[in-house]
Amino acid sequence: MTENQEKKCHAIIHAHAVAAAAGNAVPVPGLGVATDMLCMTAMAMSLCAVFGGSITQEAAKVLAIASLKNSMLKQPIKVLSKELSKFIPLLGQVVAPGISVVMIEAAGWTLAKELEAKARQVAAND
C-alpha cells in the first residue's frame with residue numbers, strides 16, 4: 001500500500017468509524033448493528049475506489065457483511081457488550097460507540113488490506 005493510499009484509507013476508515021459511533025450512541029438495541037452495516041457498506045465502496053476499482057452497492061453490502069461477521073466472530077464479547085450496554089441508561093451511550101469505533105476500524109483495515117491484495121493480483125495478471 002502506498003503512503004497516499006494509506007492516508008486515504010485512514011481518512012475513510014476513521015470517518016466511517018466516527019459515523020458508526022454516532023449511530024451507536026442512540027440507546028436502541030439493534031440499531032447499532034444497522035448503523036454499522038450502513039457505514040461499512042459506504043466504507044467498502046470508498047475503499048474500493050482508493051485502489052482503482054468500483055463496486056456496486058450490493059457487492060459492497062456483501063463485503064461489509066463479511067468484514068463485520070469476521071470482526072464479530074473474533075470479538076464476540078465486545079459485540080454482546082455493545083448491544084447489552086444499551087439497556088443501561090447513560091452507560092450504553094458511552095460504551096456502545098467506543099466499542100463500535102474499535103470494531104469498524106478493525107474491519108475497515110482488514111477490508112483495505114484485502115482490496116489492496118486483490119488490486120495487486122489484478123495488476124499482476126494484466
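A salt bridge here is a side-chain nitrogen of Lys or Arg within 4 Å of a carboxyl oxygen of Asp or Glu. The model shown is predicted. By this rule, three salt bridges are counted.

**View 1. Glu-58 and Lys-61 pair in helix α3.** The closest N and O atoms of Glu-58 and Lys-61 are 3.5 Å apart, so the pair falls within the 4 Å limit. Both residues belong to helix α3 (residues 57-74). They sit three residues apart, about one turn of the helix. Glu-58 is exposed, at 53% relative accessibility. Lys-61 is partly exposed, at 32%.

**View 2. Glu-3 and Lys-7 form a salt bridge.** Their N to O distance is 3.6 Å. The two residues are four apart in helix α1 (residues 3-24), so about one helical turn separates them. Glu-3 is exposed, with 59% relative accessibility. Lys-7 is exposed too, at 55%.

**View 3. Glu-116 meets Arg-120 in helix α5.** The salt bridge between these side chains has an N to O distance of 2.9 Å. Glu-116 is buried, at 14% relative accessibility. Arg-120 is exposed, at 54%.

**View 4. Helix α2 and the residue that follows.** Helix α2 runs over residues 31-50. At 1.5 Å a residue, its 20 residues should span 28 Å. Its end C-alpha atoms are 29 Å apart, which agrees. Buried residues of α2 include Gly-32, Asp-36, Cys-39, Met-43, Leu-47 and Val-50. Just after α2, Gly-52 adopts a positive phi of about 85 degrees.

Definitions and conventions: Residues numbered from 1 in each chain as written. Predicted model: local features only at pLDDT ≥ 70, side-chain atom pairs only at ≥ 80, totals over all residues. Heavy atoms only, no water. Expected span 1.5 Å × (residues − 1). Buried < 20%, exposed > 50% of the residue type's maximum accessible area, 1.4 Å probe, protein only.
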